[in-house]
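Please keep the model open while reading.

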Amino acid sequence: MQIDDDFVAAVRAVVQSVSCGEVITYGEIALEAGVPGQSRAVGRVLAMGHDDLPWWRVVNSSGRLVPGHEPEHRRRLHAEGITFTDAGHVAGMRTR
């Protein structure tokens with residue numbers, strides 16, 4: 001899938017709408033952005049380095065944190081009241 005400006009804008013809008021203490025999956029973002037099934041493309045958009053987005057509120061469908069960024073990801077989510085399983089995944093998956 002070609003990542004165009006409209007897709008990037010839609011993903012940004014969804015991610016910016018995620019409230020403190022809430023998590024959302026890549027797949028849910030794709031669905032809300034109007035492109036169901038494009039969770040990998042959502043990940044590519046977030047990997048572009050949009051520092052103004054609350055990227056830490058995004059996890060995969062099993063609650064896994066971003067590989068390579070787990071300590072920072074966990075710290076930010078924990079500060080918002082998110083708890084974790086013994087395996088280090090988000091517990092309870094309080095998604096939208």
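This is a predicted model: local features need pLDDT of at least 70, side-chain atom pairs count only at pLDDT 80 or more; totals for chains, interfaces and linings use all residues.

Residues are numbered from 1 along each chain as its sequence is written, and side-chain values use heavy atoms, with hydrogens and water left out.

**Largest pocket**
- The largest pocket holds about 360 Å³ of space. A pocket is an open set of points on a 1 Å grid over the protein atoms alone, where a 1.4 Å probe fits, with protein on both sides within 12 Å along at least five of seven lines. Its volume is the space filled by probe spheres set on the points.
- Its lining counts 15 residues, each with an atom within 4 Å of a point. Leu46, Ala47, Trp55, Val66 and His69 lie nearest the centre.
- Helix α3 (residues 39-47) gives the most to this lining, with three residues. Helices are DSSP runs of H or I, at least four residues long, and strands are E runs of at least two.
- The lining has seven nonpolar, five polar and three charged residues. Here Ala, Val, Leu, Ile, Met, Phe, Trp, Tyr, Cys and Pro count as nonpolar, Asp, Glu, Lys and Arg as charged, and the others as polar.

**Second largest pocket**
- About 190 Å³ of space lies in the second largest pocket.
- Its lining includes Thr25, Tyr26, Arg40, Arg44 and Asn60.
- The largest share, four residues, comes from α3. Both α2 (26-32) and α3 supply at least two residues each.
- One residue of the lining is nonpolar, six are polar and two are charged.

**Helix α3**
- Ala41, Val42, Val45 and Leu46 are the buried residues of α3 (buried: under 20% relative accessible area; exposed: over 50%; 1.4 Å probe, protein chains only).
- Seen down the helix axis, they fall within an arc of 145 degrees, so they line one face of α3. The arc is taken from the directions from the axis to the C-beta atoms.
- These buried residues pack against α1 (5-16), α2 and β2 (58-59).
- Exposed Arg40 and Ala47 sit on the face turned away from the buried side.
- Just after α3, Gly49 takes a positive phi of about 85 degrees.

**His73**
- His73 is found in helix α4 (residues 70-79). Its relative accessible area is 0%, so His73 is buried.
- A polar atom of the His73 side chain lies 2.7 Å from the backbone oxygen of Trp56.
- Beyond its neighbours within four places in sequence, His73 is in contact with Trp55, Trp56, Val58, Val59, Leu65 and Val66 (contact: heavy atoms within 4.5 Å).

Definitions and conventions: A polar contact is a pair of N or O atoms within 3.5 Å; within protein, one must be able to donate a hydrogen and the other to accept it, and residues adjacent in sequence count only if both atoms are side-chain atoms.
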